[in-house]
Amino acid sequence: MPSPEQSGRPQRATHAKLWIVNLREATLPESEIERFELGEATAGKLVKDESRSRMDSFHWPYKPRMAGELELGDWIIQTMTYEDKSIAVYAPGQLLHIDNYVRNSDSGKERWVFHLEVPRSGETLTWAEFRRAAKPMLGSNGVKMPRTRPVRDVAIADGLLGLWTPGGRVSRR
């Protein structure tokens, strides 16, 4: 039986090495900051090259579906929608640590925090720039609005990661 490369079909991974994560601007409640910082300290120790990288985090007020699929080392491209409706797409980072804690003991609601190693000199793209660059890889329907999703096709994942240099600067290809 021919491999996917030999048959002309795209190579798909069962585990996505890249995730596009759609985020909205939000702040943590004051009552959670101390607990959040504990996870941040753990993740900070996992940064491999502090001269070139830093730790960044995003959080969810509940357990997102992706939490069950993510693995340490996975690549994540964050899209951030700000209050003014502008959307920034950040240079890819690698997942260092997943933390969760109970944020409301009465209801048992949890906060899920994802810590990444990101390039210090990482540059952002506007949503329009990312959409234009990603359209050949994702197709015309693939990038209308940001949404959280895995990128399972290895070639597409590599292409999206290639929109930035290894140092996080926007690639000028």
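## Strand 1 and its partners

Strand 1 (residues 18–24) and strand 8 (residues 149–151) run antiparallel in this predicted model. Three bridges join the two strands.

Tryptophan 19 stands opposite isoleucine 76 of strand 3.

## Burial of strand 1

How many of the seven residues of strand 1 are buried? Six are, so the rest of the structure largely encloses this strand. The cut-off for buried is under 20% relative accessible area.

In a regular strand, side chains alternate between the two faces of the sheet.

## Helix 3 against helix 4

Two packed helices are described by the angle between their axes and the distance between those axes. For helix 3 (residues 127–138) and helix 4 (residues 154–161), the angle is about 160° and the axes lie 10 Å apart. That makes the two helices roughly antiparallel, because angles over 145 degrees count as such. The crossing of helix 3 past helix 4 is right-handed.

## The helix contact

Which residues meet where helix 3 and helix 4 pack? Helix 3 supplies Phe130, Ala134, Met137 and Leu138. Helix 4 supplies Ile156, Gly159 and Leu160. By class, the contact holds six nonpolar residues and one polar residue, with no charged ones. Gly counts as polar, so Gly159 of helix 4 is the polar residue in this contact.

How values were computed
Residues are numbered from 1 along each chain as its sequence is written. This is a predicted model: local features need pLDDT of at least 70, side-chain atom pairs count only at pLDDT 80 or more; totals for chains, interfaces and linings use all residues. Side-chain values use heavy atoms; hydrogens and water are left out. Axes are lines fitted to C-alpha atoms, for helices over the stretch in contact, and angles run from 0 to 180 degrees between N-to-C directions. Helices (H or I, at least four residues) and strands (E, at least two) are DSSP runs, numbered from the N terminus. Angles under 35 degrees count as roughly parallel, over 145 as roughly antiparallel, 65 to 115 as roughly perpendicular and the rest as oblique. A crossing is left-handed if the near helix is turned anticlockwise from the far one by less than a right angle, and right-handed if clockwise. Contact means heavy atoms within 4.5 Å. Buried means under 20% relative accessible area, exposed over 50%, partly exposed in between (1.4 Å probe, protein chains only). Two strands pair if DSSP finds at least two bridges between them.
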